[in-house]
Amino acid sequence: MRHLYEFGPFRLDAQERLLLRAGESVSLTPKAFDMLLVLVEQHGHLVEKEELFKAVWPDSFVEESNLSSNIALIRKALGDGENGQKFIETVPKRGYRFVAEVRELPGEANEPAPAAMPPIHAAPVAVAQPRRRFHPLLLVVLVSGLVIVGYFAAVRWFASRVSSVVPMTTAVPFTTLPGSENDPTFSPDGNSMAFTWDGEQGDNVDITSNRSAMNPCCG
């Protein structure tokens, strides 16, 4: 609750530590403000000097001149004595009394702090995942594997093509003579072959030819 007091053209705000005159702030030292607040709160009653010392300087020892100097500052700020306006009365050797009429305003509740807004949950932001890079060695192995597979596939394909195009050949003897034939030589026209033959008994080596060796069908 805020403690507000009005007297004459002034308003004293204890919580905000403000002295206002017609809405304008009036400057006061901290100790002078504390002393004025004590006097206003006990307006119409004598406030002993010792009570002022305890309220304004609770943990310090000060001389009485501090009281009189601060009272002088307050009177100057209020314009005490001007136009017959009287605010503070001095009671010799005793203390001071606030004699002006004071209106204590109904306590004003402090403005409640604005309710905290519920947190706004932002939509999740998709974070781009870094692209994975192939390790150079892995790339080399992959390429090498593809080359090897391609090579063997090509070899098999070529072998299948050759086997389907080239007919199988069958070895056919050039002669059916008994005995031993050696040193075969084709004739210049390639239609016959000359070779040595040791005869049917194997005891007469001679040179002979056999045209049917190249064309067995035509014997």
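Two strands count as paired if DSSP finds at least two bridges between them; strands (E, at least two residues) and helices (H or I, at least four) are DSSP runs, numbered from the N terminus. Before you click, note that this is a predicted model, where local features need pLDDT of at least 70, side-chain atom pairs count only at pLDDT 80 or more, and totals for chains, interfaces and linings use all residues. Residues are numbered from 1 along each chain as its sequence is written, and side-chain values use heavy atoms, leaving out hydrogens and water.

**Stop 1: the sheet.** Select β5, β7 and β6: that is the order of an open three-stranded sheet with antiparallel pairing. β5 (46-48) and β6 (88-91) sit at the edges with a single partner strand each, so one side of each has no neighbour in the sheet. Now pick Leu46 and look across to Arg97, its bridge partner in β7. Three bridges join β5 to β7.

**Stop 2: Phe7.** Show everything around Phe7: beyond four places in sequence, Phe7 touches residues including Leu12, Val40, Leu78, Phe98 and Arg103.

Note on methods
Contact means heavy atoms within 4.5 Å.
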